[in-house]
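The entries follow in the order I looked things up.

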Amino acid sequence: MTTPDNFLGLETDFSALDRAGVLVLPIPFEATVSYGGGTAAGPEAIITASQQVELYDREYDLEPALRYGVHTLPPLDLPDDPAAAVNAIRIAVAGAARSGKLVVGLGGEHTISAGVGQGLIDALGGPLTVVQIDAHSDLRDEYEGSPYSHACVARRLLDDPAVEQVLQLGIRSVCPEEVAYVRAHPDRARVWYAEQVHDGIWRDEFIARVRGRRVFLTIDVDGLDPAIVPATGTPEPDGLTWPEMLDILRTLNEQADVVGMDCVELAPTPGLHLADFAVAKLVYKAISYIMMRGR
């Protein structure tokens, strides 16, 4: 038998469009990477690796994907220009989100998240809180001449007044401009650095900020420690552990309504499929936390 070529390798009963509660949208965009490349191959690698992930989840004592169903959409064919690509992503995500299904974008570089967030706002309205798990704040107004660089995505999301706040966890690398921005906008931008997550001092304020909110979750895989996901363009040491990542996701979904998510910046490396598999397993777990909450 041949495993179906979709996210998690699901048979038609659980992957057909009319039966699925989740839409996985591959977004293989890569135009502004500044160090290691390869993120355009990320979506395909995640989908391929996901077909080796066990569907059974001990936390739920069942196979969650068979409860909610996942349909994998065709990859977006995007222009090279970042601004035009973000607009195309925005249109595609808005159309998918209007179906009432959970939209899950797979990147691609982090620039795609500007389009995913804007598309969710177009379809569902505001206000919207962004929860960003990342090694980098991505709050520069421009980088290497582009306001749509992967290093600017959080700033572009905050350009929209419908985005009430961006909450960042796992950060290990910032520049003076980003530090100044966070200090000047404490109501709209909040950073918990990796050591604060390790020490557990993020939880109370994070819960207060997300409780009852509608949330767009964006996961840059370099938020995790490179020991877990070494295949990413800009790795940083001392990242989040697997239990810390799951603790954040579990806490978020206990308190908030996650209305869309993406996962970005996997840069597959030949012979290093442990990273592809870890990201695929993480995406499945994140989807399950959202869908099994009773969405």
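**Entry 1, a loop residue.** The model is a predicted one. I began with D57 and listed its contacts, leaving aside neighbours within four places in sequence: they are L62, P64 and K285. I then looked up where D57 sits, and found it in the loop between α2 (42-50) and α3 (65-68).

Is D57 buried or exposed? The relative accessible area of D57 is 10%, and buried means under 20%, so I noted D57 as buried.

D57 and S288 are 231 residues apart along the chain, yet their C-alpha atoms are separated by 9.2 Å.

I counted secondary structure next and got 11 helices and eight strands. The radius of gyration is 17 Å, close to the 19 Å that the globule rule gives for 295 residues, so I recorded the chain as being as compact as a globular protein of that length. For the C-alpha trace I noted a span of about 55 × 40 × 40 Å along the principal axes.

What share of the 295 residues is buried? I found 58%. Among contacts with a separation of 6 or more, 78% are between residues 24 or more positions apart.

For the surface I wrote down an accessible area of about 11,800 Å², with 50% of it belonging to carbon and sulfur atoms.

I turned to α10, which covers residues 242-255 and has 14 residues. From its first C-alpha to its last α10 reaches 20 Å, close to the 20 Å expected at 1.5 Å a residue.

Which residues of α10 are buried? I listed E244, M245, L246, I248, L249, T251, L252 and N253. For reading such a list I kept the general point in mind: an α-helix has 3.6 residues a turn, so residues three or four places apart point the same way.

I picked N253, which lies in α10. The relative accessible area of N253 is 6%, under the 20% cut-off, so N253 counts as buried.

What does N253 touch, not counting residues up to four places away in sequence? I found V258, Y289, I290 and R293. Last, I took the C-alpha to C-alpha distance from N253 to R211: they are 9.4 Å apart in space and 42 residues apart in sequence.

Note on methods:
Residues numbered from 1 in each chain as written. Predicted model: local features only at pLDDT ≥ 70, side-chain atom pairs only at ≥ 80, totals over all residues. Heavy atoms only, no water. Helix = DSSP H or I, 4+ residues; strand = E, 2+ residues; numbered from the N terminus. Buried < 20%, exposed > 50% of the residue type's maximum accessible area, 1.4 Å probe, protein only. Contact = heavy atoms within 4.5 Å. Rg over C-alpha atoms; globule rule 2.2 N^0.38 Å. Areas by Shrake-Rupley, 256 points an atom, 1.4 Å probe, with all protein chains shown as cover. Expected span 1.5 Å × (residues − 1).
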